[in-house]
Amino acid sequence: MSALFVLFFAQITASTAPVVRFNQLGYLPDAPKVAVFCSLEKTELREFTVTAENGAIVLRRAPTAANAFGPCATTYRLDFSSITKTGSYRITAGGATTALVRVRDNAYAGAADTLLYYMREQRSGYNPLFKMVVHLHDGIVVDDALRAGRFVPVTGGWADASDYLQYVMTSANATFVLLMSYRDHPAAFSDHFDARGLPGKNGTADILDEARHGLIWLLRMFPSDSEMYNQLGDDRDHTYWDTPPNDSADYGWGKGKERALYPCTGKPQGLFKYKNRSSGFASTAGKYASTFALAAKIYGQRDPSFASRLRERAVVAYAIGKASPGVCQGAPGRAPYYYEEDNWVDDMELAAAELYALTRERRYLRDALDYASREPVTPWMGADTARHYQWYPWHNNGHFEIWRVANGNDRKLVADYYRRGLEAVVKRADNGFRIGIPFIWCSNNLMASFATQAHLYRRMTGDNRFREYEQAAIDWLFGTNPWGVSMVIGLPHDGIFARDPHSVVAKEMHVELTGALLDGPVYSSIYRNLLGITLHDADEYASFNTGFIVYHDDVGDYSTNEPIMDGTANLSYLLAALGDRAR
Ligand SMILES: [Ca+2]
Ligand SMILES: [Ca+2]
């Protein structure tokens, strides 16, 4: 009875007491350091203090008043950037005191490698968690006049999220970012796992092991010049709550048999009531081409025959994209949800930039600049909302890749494109958390991409004007948000992160999905309107779910608490840059 009383009392106090939110992973000594004071009721704060681990006060100063945000009726920014000495500190403001706040040179060391635990867990084909091949029978072609019903061997790749669908769109982007992270920050990665993802060194950085797993699947999905596949499985996958080894989805030829394999067709797709708006091949062809071209460059010395195959596939994929402009979207099954990617010039830009880097043929650079000029700013930037994965990838790596290989004015031009996107987001960030992204489904991807674009822009120009916002987005992902939750499971391991993600594997196998980036908070209006969401337990964050955005650590909430494969891979670049010992 007393325990119940304590719990009840704790909930009452939690509902009104102010909190100080901070980046639980830590701060680099030379980075901006700002914690955020959040009170659910209007209040005034005069000062805050920072104490060292021994209790000595090392900073006492006035906070910066800021605008309300979500459940936080009052926010203040607590800037302790002047503390550059490494150590552990506590921040006290308005009666709230934080856990230890780390300032460390190595605050991000190993963080990018941690993401790979989740990538390995998501593997289709040989899966190191289950120590067996999962989804052995992939797949049988659908929605194709010539080949429907035919078997094509496409085992491999990664499950997209907590369902087991697989998309070239997200998998190619994931593979690309893994490769790019390694290319630019090899010192951030180590070698503790083998090619199959089992513990043990194999002489290859683990991120390259993971990228190669993705590449092999992508090569299977584009087996000949006339067969460009885009998707494996559809939402009939969602019928049963089961783990990958006994996935019993039924695609019309029996439970647990081959999964449906969708080619790009250049036409709207959907076998049932709902159709997508596919119009061409270029969004998918561009992603194949960019990923294969970058890989061909990286493997040129390491594995020349693999590299030459990748190069040949990259050139063919690019030509297909040029011949068939338009998008190849995700194919819906029984539900109205699918990946509604509407842009393809970004994908062709990136492909052209990589092919130029690989071949030095001028026509590719001309194409890259032309595509770049057609979509200088990724369209969600500055917007209130967007359709599901409408503007994908979340940031356009193509501008940075052009900058690496172009000269003078062209470099200034693409840096300027990035600046315009960042400015559009920052215009909306006049709140205590300095957050300007729209809270659509998978908001954490937007957060990571905004920070990555800001980081790339800073590196390209030396211009620090967005630094505070770049850091705010990083901090948000690691706990400086209304809920005080790190959005990456297990990062840091002594932090506060999701204990009850929307995942069959986590729930049934009792495993922690270390390294997984969650979807993240969404507009409460989106949450209310999605089909089939019910929380399984009382909401421990209820007092913070009263504003315009919500987050629930609950297995029942697939809108905010589901880990995502492509978002996790997309975060690798930023964490590698922050954790690069050679920085
Ligand atoms: Ca390895
Ligand atoms: Ca696109």
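Asp494 is exposed, because its relative accessible area is 58%, where exposed stands for over 50% relative accessible area, buried for under 20% and partly exposed for the range in between (1.4 Å probe, protein chains only). The model is a predicted one, in which local features need pLDDT of at least 70 and side-chain atom pairs count only at pLDDT 80 or more, while totals for chains, interfaces and linings use all residues. Residues are numbered from 1 along each chain as its sequence is written, chains are lettered from A and ligands numbered from 1 in the order in which they are written, and side-chain values use heavy atoms, with hydrogens and water left out.

Asp494 meets Arg102 through their side chains in a salt bridge, at 3.0 Å from N to O; the term denotes a side-chain nitrogen of Lys or Arg within 4 Å of a carboxyl oxygen of Asp or Glu. Arg102 belongs to strand E9 (residues 101–103) and Asp494 to the loop between H12 and H13, so the pair ties together parts that are 392 residues apart in sequence. Helices (H or I, at least four residues) and strands (E, at least two) are here DSSP runs, numbered from the N terminus.

The loop that holds Asp494 also contains Pro492, between helix H12 (467–477) and helix H13 (504–509). Pro492 is joined to Leu491 by a cis peptide bond with omega about -5 degrees. Pro393 is placed in the loop between H8 and helix H9 (397–405). As a rule, most peptide bonds are trans, and most residues other than glycine have a negative phi.

Two residues of another loop have positive phi values. Arg434, in the loop between helix H10 (408–426) and helix H11 (443–461), has phi near 55 degrees, a positive value in a residue other than glycine. Cys442 lies in the loop between H10 and H11 as well, and its phi, near 75 degrees, is likewise positive. Arg434 counts as buried because its relative accessibility is 16%; Cys442 counts as buried because its relative accessibility is 2%.

The whole chain supplies the setting for these details. The secondary structure of the protein comes to 16 helices and 17 strands. The C-alpha trace spans about 70 × 60 × 45 Å along its principal axes. For 583 residues, a compact globule would have a radius of gyration near 25 Å, and the 23 Å of the protein agrees with this; the radius is taken over C-alpha atoms, and the globule rule is 2.2 Å times the number of residues to the power 0.38. Of the 583 residues, 65% count as buried.

The structure holds 30 salt bridges. One of them joins the side chains of Asp138 and Arg259, at 2.9 Å from N to O. This pair links distant parts of the chain, 121 residues apart: Asp138 is in the loop between strand E11 (132–134) and strand E12 (140–141), and Arg259 in the loop between strand E14 (229–232) and strand E15 (260–263). Asp138 counts as buried at 1% relative accessibility, and Arg259 counts as buried at 2%.

A further salt bridge is formed by Arg313 and Asp225, whose closest N and O atoms are 2.2 Å apart. Arg313 lies in helix H6 (residues 304–323) and Asp225 in the loop between helix H4 (206–221) and E14, so this pair ties together parts that are 88 residues apart in sequence. Arg313 is buried, with a relative accessible area of 4%, whereas Asp225 is partly exposed, with 47%. Elsewhere, salt bridges that share partners join Asp416, Arg419, Glu423, Asp463 and Arg465 into one network.

Charge also marks the surface. Lys297, Arg360, Arg362, Arg366 and Arg404 form a positive surface patch; patches are made of residues with over 30% relative accessible area and no salt bridge, like charges being joined within 9 Å and nonpolar side chains (Val, Leu, Ile, Met, Phe, Trp, Tyr) within 5 Å. Arg360 is placed in the loop between helix H7 (345–359) and helix H8 (362–374), and counts as partly exposed because its relative accessibility is 48%.

Thr291, by contrast, counts as buried at 0% relative accessibility. Thr291 is placed in helix H5 (residues 282–302). The C-alpha atoms of Thr291 and Leu215 are separated by 8.1 Å, although the two residues are 76 residues apart along the chain.

Key:
Accessible areas come from the Shrake-Rupley method with a 1.4 Å probe; for residues, only the protein chains shown count as cover. Lys and Arg count as positive and Asp and Glu as negative; His and the chain ends are not counted. The place of a charge is taken as NZ of Lys, CZ of Arg, CG of Asp or CD of Glu.
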